[in-house]
Amino acid sequence: TASGLMQGKRGVILGVANNRSIAYGIAKACRAQGAEIALTYQGDALKKRVEPLAAELGGLVLGHCDVTDGATIDAVFDVVKEKWGKIDFVVHAIAFADKDELDGRYVDTSPENFSKSMLISCYSLTAIAQRAEKLMTDGGSIITLTYYGAEKWMPHYNVMGVAKAALEASVRYLAADLGEKNIRVNAISAGPIKTLAASGIGDFRYILKWNEYNAPLRRTVTIEEVGDSALYFLSDLSRGVTGEVHHVDSGYHVVGMKNPDAPDI
Ligand SMILES: NC(=O)c1ccc[n+]([C@@H]2O[C@H](COP(=O)([O-])OP(=O)(O)OC[C@H]3O[C@@H](n4cnc5c(N)ncnc54)[C@H](O)[C@@H]3O)[C@@H](O)[C@H]2O)c1
Ligand SMILES: Cc1c(CN(C)C(=O)CCc2cnc3c(c2)CCC(=O)N3)oc2ccccc12
């Protein structure tokens, strides 16, 4: 669209796995408002899923990026530098912890999984910001995705909660460092959504139901709603905002107690 909120803006979106990904919801929203987008994928298995999505969005495919391998981060940012020269925004929608440790007790977390979860779910934002800074020659906006489990105990979220708490703190430190270059860094704390990263989690249906009964809006959120809120942070509407964690969770984070009228689930 000619008059879109994101007209003339170009950005890199990391974390699209399929059409249920939160990153895909954000990509769709950006495209609908006139942005040009570039996607990365993690491994050949996802390449086949991401390429048609990129084509549908008229986007670039920058190639494989596994944030545990810095050379692949360099590679995708080299491609976007060669194609576009500069970028205006980056979306980081990446997280991983060993599924076995997203069950049972947090206290049993292994040092290996702790490090790996922190590297992928937290440090990767810093690594990406290092590359993005060089290309955001006219300033820019970086967003990441976090979850309420960073703030309060959530059943089974375990090491991911600690990683998200660190991610949210890193948003504040990145915002402080990059503000003088007019590069803003913010996080969206999304409510539970049935995505690939959510599948295979025990009790996920229970968590979704619990949100439907107890969140102020009495429903869960969608990737489209997260995408629309992301437009605020990725566009000039939020030019005065950085270092923020913004909840898109039907208001769940304000609730202190189960709704007594909610049926037992
Ligand atoms: N689904 C939810 O309920 C929910 C709620 C709040 C926040 N989030 C966050 O949203 C973000 C996106 O997750 P999603 O729910 O869209 O699920 P998803 O599975 O669609 O996306 C997760 C992405 O992380 C990528 N990834 C994992 N390890 C990687 C690595 N080593 N290198 C590069 N990419 C890697 C995967 O390839 C995938 O594209 C995550 O940060 C997640 O923590 C999800
Ligand atoms: C909500 C919610 C989520 C969704 N969410 C907010 C997330 O951040 C997903 C994080 C995640 C990270 N790593 C993995 C997986 C999910 C499952 C598949 C896998 O092998 N590793 O995950 C939970 C795990 C336990 C409890 C609640 C949740």
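Start at His156, in the loop between strand 5 and helix 5. Helices (H or I, at least four residues) and strands (E, at least two) are DSSP runs, numbered from the N terminus. His156 has a phi near 75 degrees, a positive value in a residue other than glycine. Most residues other than glycine have a negative phi.

Before you move on, two notes on the model. It is predicted: local features need pLDDT of at least 70, side-chain atom pairs count only at pLDDT 80 or more, and totals for chains, interfaces and linings use all residues. Residues are numbered from 1 along each chain as its sequence is written, chains are lettered from A and ligands numbered from 1 in the order in which they are written, and side-chain values use heavy atoms, with hydrogens and water left out.

Now select Asn158, in helix 5. Asn158 also has a positive phi, about 45 degrees, although it is not a glycine. Asn158 counts as buried because its relative accessibility is 9%. Buried means under 20% relative accessible area, exposed over 50%, partly exposed in between (1.4 Å probe, protein chains only).

**Ligand 2**

Select ligand 2 and the residues around it. A residue is near a molecule or strand if one of its heavy atoms lies within 4 Å of it. There are 13 residues around ligand 2, and Ala97, Pro155, Tyr157, Ala197 and Phe204 come nearest. A nitrogen atom of ligand 2 sits 2.8 Å from a polar backbone atom of Ala97. An oxygen atom of ligand 2 is 2.7 Å from an N or O atom in the side chain of Tyr157.

**Ligand 1**

Switch to ligand 1. Of the 27 residues around it, Ser21, Gln42, Lys164, Ile193 and Thr195 come nearest. At Gly15, a backbone N or O atom lies 2.8 Å from an oxygen atom of ligand 1. At Gln42, an N or O atom in the side chain is 2.6 Å from an oxygen atom of ligand 1. At Lys164, a polar side-chain atom lies 2.8 Å from an oxygen atom of ligand 1.

**The largest pocket**

Hide the ligands and show the pockets. The search uses a 1 Å grid over the protein atoms alone: a cavity is a set of points where a 1.4 Å probe fits but cannot get out, a pocket is an open set with protein on both sides within 12 Å along at least five of seven lines, and lining residues have an atom within 4 Å of a point. Grid points are joined across faces, edges and corners, and a volume is the space filled by probe spheres set on the points.

The largest pocket holds about 1,300 Å³ of space. Of its 43 lining residues, Ala95, Thr195, Leu196, Ala197 and Ala198 are the closest to its centre. Colour by element next. Helix 1 (22–32), strand 2 (36–41), helix 4 (111–135), strand 5 (140–146), helix 5 (158–178) and helix 6 each supply at least two lining residues. The lining divides into 30 nonpolar, nine polar and four charged residues. Here Ala, Val, Leu, Ile, Met, Phe, Trp, Tyr, Cys and Pro count as nonpolar, Asp, Glu, Lys and Arg as charged, and the others, Gly among them, as polar.

**Helix 6**

Select helix 6 (residues 204–214), where Phe204, Ile207, Leu208, Asn211 and Asn214 are buried. These residues lie on the same side of helix 6, because they cover an arc of only 150 degrees around the axis. That arc is taken over the directions from the helix axis to the C-beta atoms.

Go on to the cavity. A search of the whole structure finds one of 30 Å³ or more.

Finish at Asn113, in helix 4. Asn113 counts as buried because its relative accessibility is 5%. Its side chain makes a polar contact with the side chain of Glu101 (2.8 Å). A polar contact is a pair of N or O atoms within 3.5 Å; within protein, one must be able to donate a hydrogen and the other to accept it, and residues adjacent in sequence count only if both atoms are side-chain atoms.

Last stop: Asp100, in the loop between strand 4 (89–92) and helix 4. Asp100 is exposed, with a relative accessible area of 65%.
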